[in-house]
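Welcome to a short tour of a protein model. Keep the sequence and the 3D view side by side as you read, and look up each residue when it comes along.

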Amino acid sequence: MSKEKLNRVKRIKTEQTRLNKIFTELEEDKRSSAKGLISRAAFLLVSLEDYEDDINIGGSVELFQQSEHLPPYERARPVVQQYNSANKLYQTIIKQLTDMLPEKDKNDSNASLMKGLIKPD
């Protein structure tokens with residue numbers, strides 16, 4: 001495995017650990033469903049961070065030319081579309097996980113989730 005891929009796997013495991021700590025209060029019957037959602041959410045968050053880095057470096061639009069006879073035009077880079085789709089799915093999964101929590105734990109977990117989304121400078 002390449003160094004970059006190992007780093008990605010480590011980041012995913014770190015995020016899984018963070019999410020598991022947030023959702024420890026889930027009832028036993030909801031834990032199996034939550035396990036899969038936590039894995040997907042961790043993968044998606046790391047993917048979103050990678051997409052953000054790519055967008056910050058390459059921008060969100062690019063010049064595209066259908067053929068050499070037509071003038072180029074600006075279009076959204078494919079990574080922007082991937083980012084938007086992954087972001088929507090990530091938010092849906094986090095909502096599903098939060099909805100599984102007992103009512104008393106929802107505010108604390110929302111604050112913990114937000115801490116993980118804010119990147120340090």
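Helices (H or I, at least four residues) and strands (E, at least two) are DSSP runs, numbered from the N terminus. This is a predicted model, in which local features need pLDDT of at least 70, side-chain atom pairs count only at pLDDT 80 or more, and totals for chains, interfaces and linings use all residues. Residues are numbered from 1 along each chain as its sequence is written, and side-chain values use heavy atoms, with hydrogens and water left out.

**The overall plan**

The protein chain has 4 helices and 2 strands. Read from the N terminus, these elements follow the order α-α-β-β-α-α.

Buried means under 20% relative accessible area, exposed means over 50%, and partly exposed lies in between (1.4 Å probe, protein chains only). Of the 121 residues in the protein chain, 27% are buried. The chain exposes about 8600 Å², and carbon and sulfur atoms supply 53% of that area (Shrake-Rupley method with a 1.4 Å probe; for residues, only the protein chains shown count as cover).

A contact means heavy atoms within 4.5 Å. Among the contacts with a separation of 6 or more, 61% are between residues 24 or more positions apart.

**Two helices and their spans**

The expected span of a helix is 1.5 Å times one less than its number of residues. Helix α2 (residues 28-58) has 31 residues, and its first and last C-alpha atoms are 45 Å apart, close to the expected 45 Å. Just after α2 comes G59, with a positive phi of about 80°.

Helix α3 has 23 residues, which should span 33 Å; its end C-alpha atoms lie 34 Å apart, so the two values agree.

Both helices have a list of buried residues. In α2 these include A34, L37, I38, A41 and A42. In α3 they include V79, V80, Y83, Y90 and L97.

**The nonpolar core**

A nonpolar core is a set of buried Ala, Val, Leu, Ile, Met, Phe, Trp, Tyr and Cys residues joined through side-chain atoms within 4.5 Å. Which members of the largest nonpolar core touch the most other members? They are L19, F23, Y90 and L97, in a core of 22 residues. The elements that give two or more residues to this core are α1, α2 and α3 (78-100). Helix α3 gives the most, with 9 residues.

L97 deserves a visit of its own. It is found in helix α3 and counts as buried because its relative accessibility is 0%. Leaving out residues up to four places away in sequence, L97 touches F23, A34, L37 and I38. L97 and S33 are 64 residues apart in sequence, yet their C-alpha atoms are 9.0 Å apart in space.

**Residues side by side**

| Residue | Relative accessible area | Class |
|---|---|---|
| E15 | 8% | buried |
| R77 | 15% | buried |
| F64 | 23% | partly exposed |
| Y73 | 37% | partly exposed |

E15 sits in helix α1 (residues 3-22). Not counting residues up to four places away in sequence, E15 touches A42, L45 and Y90.

R77 lies in the loop between β2 (73-76) and α3. With residues up to four places away in sequence left out, R77 touches D54, I55, G58, G59, S60, V61 and E62.

**An aromatic pair**

Rings of Phe, Tyr and Trp (its six-membered ring) pair if their centres lie within 6.5 Å; planes under 30 degrees apart count as stacked, over 60 as edge-to-face and the rest as tilted. The structure holds 1 aromatic pair. Why is the pair of F64 and Y73 edge-to-face? The ring centres of F64 and Y73 are 5.8 Å apart and the planes stand at 80°, so the pair is edge-to-face.
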